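Please look at the sequence and the model first.

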Amino acid sequence: MRLKILVTGAAGFIGSHTTDHLLHAGHFVIGVDNFRTGKRANLASALTNPKFIFCELDVTEESAFTEIVGQYRPDVIVHLAALVSVPESIANPALNDLLNFRTTRTVAEAARLHLVPRIVFASSAAVYGDPTHTPIPENGPTLPLSPYGSAKLASENLLLEYASRHGLVVRCQRYFNVYGPRQDPSSSYSGVISIFLDRLGRNLPATIFGDGEQTRDFISVYDVARANALAATAPGLASGVANICTEKEVSLNQLWQLLRQGFSEAPVPLHVPERPGDIRRSCGSTALAHDSFGFRSRISLEHGLRDLARQCSIE
Ligand SMILES: NC(=O)c1ccc[n+]([C@@H]2O[C@H](COP(=O)([O-])OP(=O)(O)OC[C@H]3O[C@@H](n4cnc5c(N)ncnc54)[C@H](O)[C@@H]3O)[C@@H](O)[C@H]2O)c1
């Protein structure tokens with residue numbers, strides 16, 4: 001069935017890939033973004049599609065956002081707009097509260113008012129904090145270490161409360177480390193893969209914090225876009241949370257070795273002291289996403305990195 005899906009944060013990294021995936025599947029997409037960190041260029045393909053409508057709008061403008069929801073009456077809202085930088089959430093907790101919690105309430109209220117039956121929410125592995133063991137199951141302890149993680153957890157709870165009180169379906173997607181084309185490498189807290197590739201492309205040494213044995217679960221943005229589409233469109237889904245990850249634990253040293261293979265002369269990375277608050281191990285269990293809506297990642301890290309390096313060298 002073709003659905004009408006409103007995507008907030010549509011001009012961002014994950015939002016633009018999710019939009020492209022949904023359009024490709026034949027759905028009608030209303031993209032909302034204020035270009036805080038997103039780029040119009042990310043929507044180059046979507047903007048040529050007659051099934052795409054773009055609204056330049058700040059989700060914090062409650063009445064304007066609610067009006068858009070009332071005007072289009074989507075079947076699903078995929079809420080991805082957020083302040084994504086953990087250090088920025090620490091430096092500016094009020095802005096974090098506005099962009100990562102109050103926007104969620106705005107989305108939930110607009111959905112309730114205009115009878116939108118489903119919300120898919122961009123949550124994060126940050127809700128787990130520093131886990132005691134891996135792979136992390138969804139019912140593991142949630143002890144966020146930043147205002148960013150706390151706001152994601154509070155947003156999940158708010159949305160699940162709306163789900164139980166107002167009968168909508170809410171899917172909270174706990175993404176792990178997402179990588180792929182259109183990820184911005186410009187800050188030291190951007191995705192480590194985009195930073196490493198950017199350094200390799202300029203023949204500059206990468207910086208590794210600590211001993212490089214800290215691990216992450218890297219998932220391709222194409223898999224994440226497919227997981228969002230499944231959560232948005234699978235019929236008969238119940239509300240719940242799910243890790244969106246690969247269940248493969250990769251250290252930064254291993255990642256560096258994989259990435260440097262594509263470059264004949266890679267400078268030796270610089271090892272600097274570890275950053276306070278950096279978590280040691282991260283890797284999620286994939287069982288629940290598979291049982292709930294049939295999602296399993298398909299793109300191996302080796303394949304995803306080769307593809308990304310090729311795209312970077314073409315640009
Ligand atoms: N990239 C990751 O590894 C990762 C991991 C876990 C969770 N997430 C979550 O996924 C979502 C998307 O992240 P991303 O990596 O694509 O980041 P991004 O910065 O590329 O995308 C966020 C988008 O939201 C837009 N936006 C921000 N505030 C807005 C507002 N008030 N009104 C309208 N638009 C607004 C930005 O302009 C941007 O286009 C976020 O909610 C983020 O917290 C990302």
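## Gly-38 and its surroundings

Beyond its neighbours within four places in sequence, Gly-38 is in contact with Ala-11 and Gly-12 (contact means heavy atoms within 4.5 Å). Gly-38 sits in the loop between β2 (28–33) and β3 (52–56). Helices (H or I, at least four residues) and strands (E, at least two) are DSSP runs, numbered from the N terminus.

Is Gly-38 buried or exposed? Gly-38 is buried, because its relative accessible area is 12% (buried is under 20%, exposed over 50%, partly exposed in between; 1.4 Å probe, protein chains only).

## Basis of the model

This is a predicted model: local features need pLDDT of at least 70, side-chain atom pairs count only at pLDDT 80 or more, and totals for chains, interfaces and linings use all residues. Residues are numbered from 1 along each chain as its sequence is written, and side-chain values use heavy atoms, without hydrogens or water.

## The ligand site

A polar side-chain atom of Tyr-148 lies 2.6 Å from a ligand oxygen. A ligand nitrogen is 2.8 Å from an N or O atom in the side chain of Asp-58. A polar backbone atom of Phe-13 is 2.8 Å from a ligand oxygen. The protein covers 92% of the 820 Å² of accessible area that the ligand has on its own (Shrake-Rupley method, 1.4 Å probe).

## Aromatic pairs

The structure holds four aromatic pairs. Rings of Phe, Tyr and Trp (its six-membered ring) pair if their centres lie within 6.5 Å; planes under 30 degrees apart are stacked, over 60 edge-to-face, the rest tilted. Phe-196 and Trp-256 are edge-to-face, because their ring centres are 5.4 Å apart and their planes at 90°. Phe-196 lies in α6 (residues 192–201) and Trp-256 in α8 (residues 252–260), so the pair ties together parts 60 residues apart in sequence.

Phe-196 is buried at 1% relative accessible area. Trp-256 also counts as buried, at 3%. Elsewhere, ring pairs link Phe-35, Phe-52 and Phe-54 into a cluster.

Methods: A polar contact is a pair of N or O atoms within 3.5 Å; within protein, one must be able to donate a hydrogen and the other to accept it, and residues adjacent in sequence count only if both atoms are side-chain atoms.
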